[in-house]
2 protein chains.
Amino acid sequence: MDHLPSWLLSQVSSHAHRLVTEGFGAAGARGYHYRLLDSLVTGGPASQAALGRRTGIYLSDLVGALNELESAGFVRRSADPADKRRNVVSLTAAGRERAAELGERAAAIQDELLAPLSAAEREQLTGLLRRLLDHHAAR
Amino acid sequence: MDHLPSWLLSQVSSHAHRLVTEGFGAAGARGYHYRLLDSLVTGGPASQAALGRRTGIYLSDLVGALNELESAGFVRRSADPADKRRNVVSLTAAGRERAAELGERAAAIQDELLAPLSAAEREQLTGLLRRLLDHHAAR
DNA sequence: CCCTAACGTTAGTGCGTCCAATGTTAGGCT
DNA sequence: AGCCTAACATTGGACGCACTAACGTTAGGG
């Protein structure tokens, strides 16, 4: 069975997931929080629908995650004057700090996950994964 | 964010997971079933504890998965005469057939998942993943 | 002979992904 | 203008997988 890439992938991903939930969990966060904050940092404010497209998170799950981030003061929902259907989600100052904090944790997690690989191998891996992702993300 | 391997890994793994659950789900199975049947084919009969070690499935989850496989007639639990604590889990004839059927599906899923990669690249990928897995599986 | 460890089982948690249904608002078509 | 369809935010639910805690039973070593 250990010859099948999907098995390997799921096993490695399971370890990765454990590292991520441990690392973020120790800070009282989870994967969705980081994904959202990071997307807001690099992509700017956006409606929830746009945020969902950017992060790959389902709209229904986004609601809950944003509720958590909002009541923690990291994020703000404001009505879009140009389109009353939309909430414009943006970072607060605290949210920007939080994003930086979680970013550092993410880097540490990265390092632990990829510990056995050289820098060149890490790039190889990300290149291959990226191509797989691009292929499948295109539906 | 798309520069972080753990993000890539989780995204790719998410697509892989979707393909797997779709592929197996269409046959009324799920990942645990295939993992277990395959492990029984390649590793022979074993106690549940040993099976858990071989597949990486938690003992507690194994119970449920084996219940499903057993009531479908694919697997048999028999008391180990040498150790009354153990159940020896073994394949039935139907189970062997089922394993072959799911194996074919697994191969098709593989192919779909790795479609954009050449044979050499697939080996590169599995090599890298395997090294990550070995590193982290060693606790 | 007792203590500890291994075994199988039950129950419950958490995260991430996904689907279905609802009410609201925008925008295109006629 | 009015209608219809699509987009948006939200709720409530489901499932797969990983993981923990607790329990009773049995083996085996000190």
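This is a predicted model: local features need pLDDT of at least 70, side-chain atom pairs count only at pLDDT 80 or more; totals for chains, interfaces and linings use all residues.
**Stop 1: chains A and B**

Show chain A and chain B together. The contact between them takes 41 residues from chain A and 40 residues from chain B. The size of an interface is often given as the accessible area lost when the parts come together. Between chain A and chain B, that buried area is about 4,400 Å², and carbon and sulfur atoms give 72% of it.

Now look for polar links across the contact. Chain A and chain B share 9 residue pairs in polar contact, both residues being at pLDDT 80 or more. Next, colour the side of chain A that touches chain B. The elements that give two or more residues to this side are helix H1 (5–25), helix H2 (31–43), helix H5 (93–113) and helix H6 (119–137) of chain A. Which of these elements gives the most? H6(A) does, with 13 residues. By residue type, the side of chain A that touches chain B divides into 23 nonpolar, 11 polar and 7 charged residues.

**Stop 2: salt bridges across the contact**

Side chains of opposite charge can pair when their charged atoms come close. How many salt bridges are there between chain A and chain B? The count is 2.

Select Glu121(B) and Arg131(A). These residues form a salt bridge, and their closest N and O atoms are 2.7 Å apart.

Then select Arg131(B) and Glu121(A), whose side chains also meet in a salt bridge, at 2.7 Å from N to O. Arg131(B) lies in helix H6 (residues 119–137) of chain B and Glu121(A) lies in helix H6 of chain A, so this pair joins two chains. Arg131(B) is partly exposed, with a relative accessible area of 34%. Glu121(A) also counts as partly exposed, at 22% relative accessibility.

**Stop 3: DNA strand C**

Display DNA strand C with the residues around it. Of the atoms of DNA strand C that come within 4 Å of the protein, sugar and phosphate account for 70%.

Zoom in on Gly31(A). One of its polar backbone atoms is 3.0 Å from a phosphate oxygen of DNA strand C. Move to Ala49(B), where a polar backbone atom lies 2.5 Å from a phosphate oxygen of DNA strand C. What does the side chain of Arg85(B) approach? A polar atom of that side chain lies 3.1 Å from a base nitrogen of DNA strand C.

Step back to the helices. The elements that give two or more residues to the surface near DNA strand C are H2 and helix H4 (59–71) of chain A, together with helix H1 (5–25), helix H3 (48–55) and helix H4 (59–71) of chain B. The residues of this surface divide into 5 nonpolar, 8 polar and 11 charged.

**Stop 4: salt bridges within a chain**

Over all chains, the structure holds 18 salt bridges. Start with Glu68(B) and Arg30(B), which form a salt bridge with closest N and O atoms 3.3 Å apart. Glu68(B) lies in helix H4 of chain B and Arg30(B) lies in the loop between H1 and helix H2 (31–43) of chain B, so the pair ties together parts that are 38 residues apart in sequence. Glu68(B) is partly exposed, with a relative accessible area of 35%; Arg30(B) is partly exposed as well, at 36%.

In chain A, select Glu70(A) and Arg77(A). Their side chains meet in a salt bridge at 3.2 Å, N to O. Glu70(A) is partly exposed, with a relative accessible area of 30%, and Arg77(A) is partly exposed, with a value of 21%. Then pick out Asp83(A), Arg85(A) and Arg86(A), which are linked in a network of salt bridges.

**Stop 5: Arg98(B)**

Finish on Arg98(B), found in helix H5 (residues 93–113) of chain B. Is Arg98(B) buried or exposed? Arg98(B) is buried: its relative accessible area is 11%, and the cut-off for buried is under 20%.

Show its surroundings. Leaving aside neighbours within four places in sequence, Arg98(B) is in contact with Ala27(B), Gly28(B), Ala29(B), Leu37(B) and Phe74(B). For Ala27(B), look at the backbone oxygen, which lies 2.9 Å from a polar atom of the Arg98(B) side chain.

Note on methods: Residues are numbered from 1 along each chain as its sequence is written. Chains are lettered from A and ligands numbered from 1 in the order in which they are written. Side-chain values use heavy atoms; hydrogens and water are left out. Helices (H or I, at least four residues) and strands (E, at least two) are DSSP runs, numbered from the N terminus. Buried means under 20% relative accessible area, exposed over 50%, partly exposed in between (1.4 Å probe, protein chains only). A polar contact is a pair of N or O atoms within 3.5 Å; within protein, one must be able to donate a hydrogen and the other to accept it, and residues adjacent in sequence count only if both atoms are side-chain atoms. Contact means heavy atoms within 4.5 Å. Buried area is the accessible area (1.4 Å probe) that two parts lose on being put together, summed over both. A salt bridge is a side-chain nitrogen of Lys or Arg within 4 Å of a carboxyl oxygen of Asp or Glu. Ala, Val, Leu, Ile, Met, Phe, Trp, Tyr, Cys and Pro count as nonpolar, Asp, Glu, Lys and Arg as charged, and the others, Gly among them, as polar. A residue is near a molecule or strand if one of its heavy atoms lies within 4 Å of it.
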